[in-house]
Amino acid sequence: MSESVELDSVDWWILEELQNDATLPNRTLAERIGLAPSSCLQRVRRLRERGVITGSHIDVDPAATGLALEAVVAVNVRPHTRQIVDQFREFVMAQPETRSLLHVSGQADFLLHVAVADTKHLQEFLVDKLASRTEVRNFTSSIVLEQLRTRALTAPQHLRPQRRRRT
């Protein structure tokens with residue numbers, strides 16, 4: 001885990017804007033925040049250097065690429081040792097069907113989000129790839145019926161930025 005970084009309301013505002021659209025040009029971002037472009041760029045660079053901003057990405061609709069079926073698979077592995085966890089994580093992340101993997105506490109050890117073409121593809125993934133792993137004790141899968149967009153992290157109430165625009 002990363003070490004916590006102290007952020008002010010302007011930092012939070014920048015983060016919120018970039019989480020909603022990582023392609024914003026610096027000049028547009030600066031205008032929205034009410035900063036000079038050079039100050040805005042300096043703040044974004046500092047957020048990257050401090051490890052607060054770890055990358056940028058685009059969202060792709062899996063259905064538009066032929067991967068119309070998504071599922072979440074709860075997986076238990078045994079023995080639950082560092083070596084087994086690392087090997088399982090490496091295996092799963094190498095699979096083209098994998099969208100994300102969470103190592104969690106609770107009933108399951110892992111929650112695996114996959115995107116596949118159809119139920120036959122899901123069955124092949126579960127039976128031929130996942131169930132064939134010796135460390136996989138059991139798993140259950142759930143078809144995703146609807147996925148809402150992940151919300152951007154927002155500032156704690158006392159650091160909520162004032163919405164102002166430069167004139």
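Let's start with helix α5, residues 119–130 of this predicted model. Its buried residues are His 121, Leu 122, Phe 125, Leu 126 and Leu 130. Because these residues cover an arc of only 130° around the axis, they end up on the same side of α5. Turn to the other side of the helix and you will find Lys 120, Gln 123 and Asp 128, which are exposed. "Buried" here stands for under 20% relative accessible area, and "exposed" for over 50%.

What do the buried residues of α5 pack against? Their partners are β1 (69–77), α4 (82–93), β3 (110–116) and β4 (136–143). While you are looking at this helix, check its start as well: a side-chain oxygen of Asp 118 comes to within 3.2 Å of the backbone nitrogen of Lys 120.

Now follow those strands into the sheet. Four strands make up an open sheet, arranged in the order β2-β3-β1-β4, and their pairing is antiparallel. The edges are taken by β2 (98–103) and β4, each of which pairs on one side only. From one strand to the next, the twist averages 20°.

β1 and β4 run antiparallel to each other and are joined over seven bridges. Within this pair, Val 72 stands opposite Ser 142 of β4. For α4, the contacts are with β1, β2, β3 and β4, and its direction makes about 165° with that of β2. For α5, the contacts are with β1, β3 and β4, and its direction makes about 20° with that of β1.

The second pairing is that of β2 and β3, which is also antiparallel and extends over five bridges. Here Leu 102 has Leu 111 in β3 as its bridge partner. These two strands form a hairpin with six residues between them, and in this hairpin Gly 106 adopts a positive phi near 110°.

Which residues does the annotation "domain: HTH asnC-type" cover? According to the unreviewed UniProt entry, this domain spans residues 7–68.

Methods:
Residues numbered from 1 in each chain as written. Predicted model: local features only at pLDDT ≥ 70, side-chain atom pairs only at ≥ 80, totals over all residues. Heavy atoms only, no water. Buried < 20%, exposed > 50% of the residue type's maximum accessible area, 1.4 Å probe, protein only. Arc of directions from axis to C-beta. Contact = heavy atoms within 4.5 Å. Polar contact = N/O pair within 3.5 Å; in protein donor to acceptor, adjacent residues only side chain to side chain. UniProt positions renumbered as here; feature names shortened; annotations may be inferred. Pairing = 2+ DSSP bridges. Axes fitted to C-alpha atoms, helices over the stretch in contact; angles between N-to-C directions.
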